[in-house]
Amino acid sequence: MVALATSTTADHGRPANGWTLDLIAAAIVNEAHAEAVSRATVWRVLDAADLKPHKSVYWLNSHDPDFEAKAKAICRLYVDAPRLYEQGRLVLCCDEKTGMQVLGRAAPTQPPAPGKPAKQEFEYIRLGTRTLITTFCVPTGEVVWDLGPTRTNLDFRAHVWRVACHFRGMAGFDWVVDNLNTHSSLELCELLAYLNGVPFVAKDLRTQDQRRAFLSEPSHKHVLHYLPRHGSWLSQVELWFSVLARQFLRRGEFGSVKEFEGRLRAYLEEYNLEQAHPYRWTYTGEPLVRATPFSQTRRQRRQGRAWFGTRPPQYERLLHPPRPYRRRQKPLAANL
């Protein structure tokens, strides 16, 4: 049963795309010449082996030869971010969320009622798209953003200038960015040369490798750290984009692009005021529990049989205390 579940259906002449309990039972009867086998027996054997052939997940294989070294360097930045922040150096994660659709509905949404969920019209109306260039501050959780229709070299350069002005009191900046061409443009090199107080020589920055080497110079005030190829999930701003999608974009209903921009700006301001917090980063470039499949790691952590218990270690509790919910101040009465 385990051999069947860990093989492909094509190896056994089956046209289906994946194994089910019935298909495995039928294959055993036909190929192993068994008289009969029940679905419950197949389920018990696969459950004991922690095999779920009916499920699949997407994954992205990185072909970067220096993936491990780059991933560990980025994770070390995240671990050292609180200490660097006290020393006046800021760790930032920057990326773009492109193609955010501004959707309207052909019919108004019906609110939820006892025993009934909210009902949203299936037919939608496309009103346009917007791009959000966002920088996530790793030690504090604050976000700085620019909202517009495009994400050109000039847009990203303007965003970097805005972030530098927003945190003008910091002595240094470590930027975690992906390998998009706008993150190593000549316009960005010109801006960072000005911010770093170094000469800008355009003829020495003709190729992308030369520009990346210039932007990654560790002696500069602003240092860019490029993620490994197919490793954008190592950027903490992607975690924040997930929060944005769940809390604002999903089930969104807007009357116009102007309304979308106004509500998004209000959401971002409220997030910085009431919800901003640093993330507890647990990935170090290696599996959390050695010799343990990732499918069992969460189960063992919940049951307390892994290297760590269900409660975060003391150093994590000190670095990342529980999220402080800020109580909103009540406005004073107008007649006072």
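The model is predicted, so local features need pLDDT of at least 70, side-chain atom pairs count only at pLDDT 80 or more, and totals for chains, interfaces and linings use all residues. Residues are numbered from 1 along each chain as its sequence is written, and side-chain values use heavy atoms, with hydrogens and water left out.

A search of the whole structure found 11 aromatic pairs. Rings of Phe, Tyr and Trp (its six-membered ring) pair if their centres lie within 6.5 Å; planes under 30 degrees apart are stacked, over 60 edge-to-face, and the rest tilted. Phenylalanine 136 and tyrosine 279 are stacked, at 5.0 Å centre to centre and 10 degrees between the planes. This pair links distant parts of the chain, 143 residues apart. Phenylalanine 136 belongs to strand β2, and tyrosine 279 to the loop between α9 and α10. Helices (H or I, at least four residues) and strands (E, at least two) are DSSP runs, numbered from the N terminus. Phenylalanine 136 is buried, at 0% relative accessibility. Tyrosine 279 is buried too, at 13%. Buried means under 20% relative accessible area, exposed over 50%, and partly exposed in between (1.4 Å probe, protein chains only).

Phenylalanine 248 and phenylalanine 260 form a tilted pair, because their planes stand at 55 degrees, with centres 5.8 Å apart. Phenylalanine 248 lies in helix α8 and phenylalanine 260 in helix α9. Both belong to one aromatic cluster, which also includes Trp240 and Tyr271.

Arginine 212 lies over the face of tyrosine 226, 4.7 Å from the ring centre. Such a charge has NZ of Lys or CZ of Arg within 6 Å of the ring centre and within 35 degrees of the ring normal.
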